[in-house]
Amino acid sequence: MNIHEYQSKQVLREFGINVPNGKPAFSVEEAVEAAKTLDTKVYVVKAQIHAGGRGKAGGVKIAKTLDEVKGYAEELLGKILVTKQTGPEGKEVRRLLIEEGSNIAKEYYLSFVNDRNTAKIVMIGSEEGGTSIEEVAAEHPDKIIKEYIDPAFGLQAFQATRMAYKMNFKPEAIRKASAIMMKLYNAFIGKDCSQVEINPLVVTAEDDVICLDAKLNFDDSALFRHPDIVALRDETEEDPKERWAAEEGLNYVNLGGDVACMVNGAGLAMATVDILKYYGGNPANFLDVGGSSTPEKIATAFEIMLDGGQAKGIFVNIFGGINRCDVIAEGIQKAAQIIAEKQGTDGIPVPVVVRLEGTNVEIGRKILEEKPVKNVIMAPTMEGGAEQIVNLVKEAEKNS
Ligand code: GDP
Ligand code: MN
């Protein structure tokens with residue numbers, strides 16, 4: 001789960017971490033009121049969306065007067081901000097963070113993430129902080145410093161000090177920087193984060209070290225232990241289809257394309273997305289229907305894929321194990337019936353290619369042969385089926 005920058009900074013404050021004073025604002029009036037409470041000559045007006053790259057996209061403004069705060073708040077609220085991370089459709093700005101300005105001497109990068117290869121948390125630092133760490137990693141990999149953290153011992157003070165030296169903090173800032181690293185690690189562990197990213201971590205002209213930006217991600221599986229974090233959820237930032245699927249117990253990720261797929265097993269679902277792409281398709285989603293499906297659940301999965309006219313074709317790729325092919329077949333029939341009733345059509349409105357293998361496959365095929373569903377085609381192989389659905393979607397696009 002993601003939260004906004006101002007919320008992340010609030011969490012960091014709980015751990016005694018230095019962040020600028022600031023307040024969220026949902027309206028222009030609130031923005032001006034928030035600015036009035038700050039004891040500063042320079043204000044920063046920051047768009048709050050669940051995406052980075054705001055600086056370069058005009059989502060971070062420096063204001064010298066309350067009038068300028070008002071002007072920037074008017075400009076940003078309601079604006080669709082398109083950044084490197086939002087995709088071309090952008091995200092609407094509904095909240096702002098009004099903060100006191102900082103006197104930046106130098107910007108650094110610091111983050112904590114899970115490293116799957118070593119099964120450890122890794123602390124990543126760079127003296128090339130600011131906006132685009134991806135470019136630094138590509139062009140100057142030597143400027144990216146890593147410290148792997150032993151899960152039994154946690155982040156050690158000597159590691160934080162070593163990181164601070166390697167990041168070339170000035171002598172006056174070394175202790176402050178390493179102290180912030182220790183506290184950020186405590187926050188990562190204490191709140192079951194999956195990512196803590198501070199970009200930039202800055203040294204000010206007064207030699208203070210502060211987190212000027214903060215991005216916290218949380219491990220969804222641990223959220224039950226953190227009702228305070230769950231309360232920070234901003235549903236307007238989340239994909240409505242992903243929320244719907246989560247409520248129904250389906251593992252669904254919207255990928256934005258138009259060739260949908262419904263698969264059992266996360267590995268096979270990933271392979272299916274790959275193979276659709278391989279044949280030139282634009283995958284609409286990742287969807288793992290899980291091991292214990294019912295016809296009703298399958299029908300809901302179809303509704304989600306078709307919602308909003310997103311799917312122009314559906315590839316059902318099932319290797320039945322615990323999931324039985326006959327249940328999937330019944331689910332497809334049920335889906336056709338439900339969609340027909342709800343939308344007043346005569347079934348599923350797009351081509352569906354079905355590849356079934358495994359437990360009860362003969363019964364499953366028989367169900368679909370005896371009572372065929374409109375637009376449903378059986379495919380003998382995964383490759384063949386993937387190629388077929390991609391071609392059908394392309395044809396449909398040509399004809400429309
Ligand atoms: P992001 O682009 O979405 O990651 O947003 P950031 O919060 O990182 O802001 C982008 C950039 O705006 C930072 O790297 C800073 O250069 C600048 N910035 C943010 N806050 C301040 C501030 O208080 N004072 C000054 N002078 N610049 C700031
Ligand atoms: Mn940033």
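Student: Which residues touch the most other members in the largest nonpolar core?
Tutor: Keep in mind that this is a predicted model. A nonpolar core is a set of buried residues such as Leu, Phe and Met, joined through side-chain atoms within 4.5 Å. Here the largest one has 40 residues, and those touching the most other members are Leu12, Phe112, Phe169, Met181, Leu184 and Leu201. Helix α6 (residues 171–190) contributes the most to this core, with nine residues. A second, separate core has 36 residues, among them Ala284, Ile298, Leu306 and Ile332.

Student: Which residues does Phe112 touch, leaving out those up to four places away in sequence?
Tutor: With that exclusion, Phe112 touches Ile121, Val122, Met123, Ile149, Leu155, Met181, Leu184, Tyr185, Phe188, Ser194, Gln195 and Val196.

Student: Which residues of α6 are buried?
Tutor: The general idea comes from helix geometry. An α-helix has 3.6 residues a turn, so residues three or four places apart point the same way. In α6, the buried residues are Ala173, Ile174, Ala177, Ser178, Ile180, Met181, Leu184, Tyr185, Ala187 and Phe188.

Student: How does the span of α6 compare with the expected one?
Tutor: The 20 residues of α6 reach 30 Å from the first C-alpha to the last, close to the 28 Å expected at 1.5 Å a residue. After the helix comes Asp192, with a positive phi near 50°.

Student: How do I read strand pairing, and which strands pair with β8?
Tutor: Look for the partner strand, the sense and the number of bridges. Strand β7 (residues 104–115) pairs with β8 in the antiparallel sense over seven bridges, and Asn114 stands opposite Ile121 in β8. These two strands form a hairpin with four residues between them, and Ala119 in the turn has a positive phi of about 55°. Strand β9 (residues 145–149) also pairs with β8 in the antiparallel sense, over five bridges; there Ile124 stands opposite Lys146.

Student: Is β8 mostly covered or mostly uncovered?
Tutor: Strand β8 (residues 120–126) is mostly covered, with six of its seven residues buried.

Notes:
Residues are numbered from 1 along each chain as its sequence is written. Chains are lettered from A and ligands numbered from 1 in the order in which they are written. This is a predicted model: local features need pLDDT of at least 70, side-chain atom pairs count only at pLDDT 80 or more; totals for chains, interfaces and linings use all residues. Side-chain values use heavy atoms; hydrogens and water are left out. Buried means under 20% relative accessible area, exposed over 50%, partly exposed in between (1.4 Å probe, protein chains only). Two strands pair if DSSP finds at least two bridges between them. Contact means heavy atoms within 4.5 Å. The expected span of a helix is 1.5 Å times one less than its number of residues.
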